[in-house]
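Thanks for sending this one over. Here are my notes, written to be read alongside the structure.

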Amino acid sequence: MSQQRTERGTGVLSLYNRVMSMPAHTPVCSADGFSNPSMDAIRLLLRRLRVIAVLGFSPRPTRPSNNLSRQMQRFGLRIIPIRPGISEGLGEPAYASLSDMPPVLRAQVDLVNVFRDSRYVPDIVEESIALGMKALWLQEGVWHAEAGQRARDGGMQVIMDRCLMRDYARLAMGDAPAADH
């Protein structure tokens with residue numbers, strides 16, 4: 001068991017080092033009036049994450065949504081795949097939509113991580129507000145200021161156009177984790 005924990009810890013440490021070597025993403029300065037929360041607010045959100053619903057999850061391992069989700073699992077987070085037409089992903093049951101998740105599971109979701117085109121964001125926001133989701137993360141390249149403001153007005157924390165995995169490694173993990181984590 002100790003050997004297995006050491007191997008897992010070494011894998012997480014290696015992943016952490018690879019992520020930390022990626023270039024930092026500079027927050028978008030938007031002329032549309034929307035801005036992401038402060039780095040301190042994002043850090044607090046990331047440090048309390050336990051369960052992430054991944055909207056637009058791909059069953060193909062080469063796709064960014066699958067790769068990021070797999071890596072976040074390695075950091076110890078539970079991933080709930082959201083995609084019509086699949087029944088499971090990364091060892092977890094998958095759901096066609098956020099609304100299809102059982103209410104008990106929905107209540108556990110700390111963050112909705114969105115891998116969808118920006119044009120779908122308004123509908124995602126409306127569904128997320130209706131279900132009482134707490135936070136919405138739009139991956140790099142996904143931005144919709146009006147919908148982001150609607151989500152904030154609906155009580156959600158919103159981060160747009162940022163890489164969740166990179167920010168998690170930089171902001172939530174702090175210094176490199178110990179090898180047995």
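**Notes on the strands, helices and cores**

1. Let me begin in the sheet: strand β5 (residues 111-114) and β6 run parallel and are joined by three bridges. Strands count as paired here if DSSP finds at least two bridges between them. Within this pair, asparagine 113 has tryptophan 137 of β6 as its bridge partner. To get from β5 to β6, the chain passes through helix α5 (residues 121-131), and this β-α-β crossover is right-handed. Right-handed means that, with the strands pointing away from the viewer, the path from the first strand over the helix to the second runs clockwise.

2. A word on the ground rules. This is a predicted model, in which local features need pLDDT of at least 70 and side-chain atom pairs count only at pLDDT 80 or more, while totals for chains, interfaces and linings use all residues. Residues are numbered from 1 along each chain as its sequence is written, and side-chain values use heavy atoms, with hydrogens and water left out.

3. For the overall layout, the protein has seven helices and seven strands. Both are DSSP runs numbered from the N terminus: helices are H or I with at least four residues, strands are E with at least two. Starting at the N terminus, the order is α-α-β-α-β-β-β-α-β-α-β-α-β-α.

4. Which strands make up the open sheet, and in what order? Five of them do, as β2-β1-β5-β6-β7, with parallel pairing. β2 and β7 are the edge strands, each pairing on one side only. On average, neighbouring strands of this sheet are turned by 20° against each other, direction ignored. Axes are lines fitted to C-alpha atoms, for helices over the stretch in contact, and angles run from 0 to 180 degrees between N-to-C directions.

5. On one side of β5 sits β1, paired with β5 in the parallel sense over four bridges; here leucine 55 stands opposite valine 114 in β5. β6 is also joined to strand β7 (residues 157-159) by three bridges, again running parallel, and tryptophan 137 has isoleucine 159 as its bridge partner in β7. β6, helix α6 (residues 145-153) and β7 form a right-handed β-α-β unit.

6. Helix α3 (residues 64-74) lies across β1, β2 and β5, at about 155° to β2. The buried residues of α3 include Ser65, Leu68 and Met72. Buried means under 20% relative accessible area, exposed over 50%, and partly exposed in between (1.4 Å probe, protein chains only). After α3 comes glycine 76, with a positive phi near 100°.

7. Now for the cores. A nonpolar core is a set of buried Ala, Val, Leu, Ile, Met, Phe, Trp, Tyr and Cys residues joined through side-chain atoms within 4.5 Å. The largest has 27 residues, of which Ile82, Met101, Val112 and Leu136 touch the most other members. A second, separate core of 26 residues includes Ile52, Met72, Ala135 and Met165. Back in β6, Ala135 and Trp137 point one way and Leu136 and Leu138 the other, and all are buried.

8. Is leucine 138 buried or exposed? Leucine 138 counts as buried because its relative accessibility is 1%. Leaving out residues up to four places away in sequence, leucine 138 touches Val114, Val121, Ile159, Met160, Asp161 and Arg162; contact means heavy atoms within 4.5 Å.

9. Finally, two backbone spots to check. Leucine 90, in the loop between β3 (88-89) and β4 (92-93), has a positive phi of about 55° although it is not a glycine. Leucine 90 is partly exposed, with a relative accessible area of 23%. Aspartate 161 also has a positive phi of about 55° without being a glycine, and lies in the loop between β7 and α7 (164-172). Aspartate 161 is buried, at a relative accessible area of 11%.
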